[in-house]
Amino acid sequence: MTAHAPRHLLAVTDLAATDLAALLDAAAAFKADRAALGRPLAGRHVGLLFEKPSTRTRVSTEVAVASLGGHPVVLSAGELQLGRGEPIPDTARVLSGYLDAVCVRTFGQDRLEGLADHGSIPVVNLLSDAEHPLQALADLLTVREHVGALPGRSLAWIGDGNNVAMSLATAAAMLGMRVRLACPPGYAPDEAALATAQRAAQAHGGEVALGTDPAWAVEDAVAVATDVWASMGQEAEAAAREQAFAGYTVDEALLDRAAHGAVALHCLPAHRGEEITAAVLDGPRSAAWDEADNRLPTAAAALAWVVGTLPGDGVQPQAGVQPQAGAQPQAGMHP
């Protein structure tokens with residue numbers, strides 16, 4: 001193990017704005033050429049721990065690990081002693097002895113923080129109830145591909161002020177974008193999460209504003225993003241949410257109010273006819289499928305970043321991820 005503390009990606013704010021820009025550049029390079037980031041995980045094992053169901057996150061992260069030369073070890077909480085109540089600190093110490101990094105899709109953010117605090121390997125957030133940083137990276141890469149440079153551009157969020165919304169708003173603000181969130185009364189973002197996004201905007205020349213009117217939110221927006229009205233764990237609220245979110249559907253009429261050439265984003269899975277219409281999601285102005293594709297290159301870039309091998313990063317490889325004895329260092333790694 002190295003004496004250097006592991007680098008974690010638990011929240012968007014674990015990244016500096018320069019890191020965020022570098023991650024998007026690295027992801028674009030990887031998308032163009034899967035050899036662009038080298039094989040920094042060669043001979044290494046990365047745990048993928050899922051306490052929630054997953055399609056895009058599971059598959060994209062597993063492929064990203066393999067593409068960087070690593071061996072993904074997919075873990076289900078129900079198959080671990082963690083699912084029977086083993087304390088997080090104990091699990092963290094044990095996994096640190098077997099793995100070189102662990103990526104986790106879980107419920108409370110505190111579970112991720114516990115793994116990071118008590119383990120000695122990098123921890124990557126694959127989704128928690130508070131954050132979804134890898135989705136934000138994929139969203140912004142998608143917007144950049146469709147509209148070009150991001151600073152000064154406007155992005156709209158329509159619907160629940162949830163974890164996906166606030167990770168995206170914070171990341172966009174860090175890149176100098178203007179973000180407007182239109183959320184139904186009672187479904188606004190957590191005050192602390194909104195404050196974090198607004199501080200990021202103030203520091204980087206962006207803007208994050210909250211309202212309730214979708215038409216206001218999409219004005220001048222180059223991208224209009226949404227998510228399901230009832231996320232995992234909120235199924236019992238579905239009927240109440242359907243009533244509260246009436247009028248918050250991203251349809252062609254709403255998209256027409258956005259900037260010329262604006263694209264629609266959805267992190268998927270989608271409920272056509274609720275938060276987004278089939279005509280938009282499956283139509284020519286949808287970027288949702290590019291967004292899904294971009295989960296792979298952004299996952300690869302994030303993994304390279306946490307282990308300290310992102311090109312130009314200039315840091316030592318992180319805990320648990322060292323060149324093998326006698327092996328040649330990969331690009332960006334320091335022996």
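1. Pro269 sits in the loop between β9 and α11 (278–281). A cis peptide bond links Leu268 to Pro269, with omega about 0°. Keep in mind that this is a predicted model. Most peptide bonds are trans, and most residues other than glycine have a negative phi. That is the background for this point and the next two.

2. Leu268 lies in that loop too, between β9 and α11. Its phi is near 65°, a positive value in a residue other than glycine. Is Leu268 buried or exposed? Leu268 has a relative accessible area of 11%, so it counts as buried.

3. Leu127 also deserves a look. Leu127 is part of strand β4 (residues 123–127). Its phi is near 145°, again positive in a residue other than glycine. With a relative accessible area of 8%, Leu127 is buried.

4. Now the cysteines. How many disulfides does the structure hold? The count is 0. Cys103 is in no disulfide, and the nearest cysteine sulfur, that of Cys267, is 19 Å away. Cys267 is in no disulfide either; for Cys267 the nearest cysteine sulfur belongs to Cys183, 14 Å away. A disulfide is a covalent bond between the sulfur atoms of two cysteines.

5. Next, trace the open sheet. It has 5 strands in the order β7-β6-β5-β8-β9, with parallel pairing. Which strands form the edges? The edge strands are β7 (207–211) and β9 (263–266), and each pairs on one side only. Neighbouring strands of this sheet are turned against each other by 20° on average, direction ignored. Strands of a sheet pair through backbone hydrogen bonds, either parallel or antiparallel.

6. Strand β5 (residues 154–158) and strand β8 (residues 221–226) run in the parallel sense and share 5 bridges.

7. Move to strand β1 (residues 45–50). Why is β1 described as largely enclosed by the rest of the structure? Because 5 of its 6 residues are buried. β1 has parallel partners. Strand β2 (residues 71–76) is joined to β1 by 6 bridges. Strand β3 (residues 101–105) is joined to β1 by 5 bridges, also running parallel.

8. Some residues mark these pairings. His45 has His71 as its bridge partner in β2. Leu49 stands opposite Val104 in β3. Between β1 and β2, follow helix α2 (residues 56–67): β1, α2 and β2 make a right-handed β-α-β unit.

9. The largest nonpolar core has 68 residues. Which of its members touch the most other members? They are Leu134, Leu137, Leu140, Val143, Leu150, Leu181 and Val208. Not counting residues up to four places away in sequence, Leu140 touches Leu24, Leu150, Leu168, Ala171, Ala172, Leu175 and Met177. Another core, of 23 residues, lies apart from the largest one. Its members include Tyr187, Ala217, Val224 and Val250.

10. Finish with a surface residue. Ala246 lies in the loop between α9 (238–244) and α10 (252–256). At 53% relative accessibility, Ala246 counts as exposed. How far apart are the C-alpha atoms of Ala246 and Thr106? They are separated by 29 Å, and the residues are 140 residues apart along the chain.

Note on methods:
Residues are numbered from 1 along each chain as its sequence is written. This is a predicted model: local features need pLDDT of at least 70, side-chain atom pairs count only at pLDDT 80 or more; totals for chains, interfaces and linings use all residues. Side-chain values use heavy atoms; hydrogens and water are left out. Two strands pair if DSSP finds at least two bridges between them. Helices (H or I, at least four residues) and strands (E, at least two) are DSSP runs, numbered from the N terminus. Axes are lines fitted to C-alpha atoms, for helices over the stretch in contact, and angles run from 0 to 180 degrees between N-to-C directions. Buried means under 20% relative accessible area, exposed over 50%, partly exposed in between (1.4 Å probe, protein chains only). A crossover is right-handed if, with the strands pointing away from the viewer, the path from the first strand over the helix to the second runs clockwise. A nonpolar core is a set of buried Ala, Val, Leu, Ile, Met, Phe, Trp, Tyr and Cys residues joined through side-chain atoms within 4.5 Å. Contact means heavy atoms within 4.5 Å. A disulfide is a pair of cysteine sulfur atoms within 2.5 Å.
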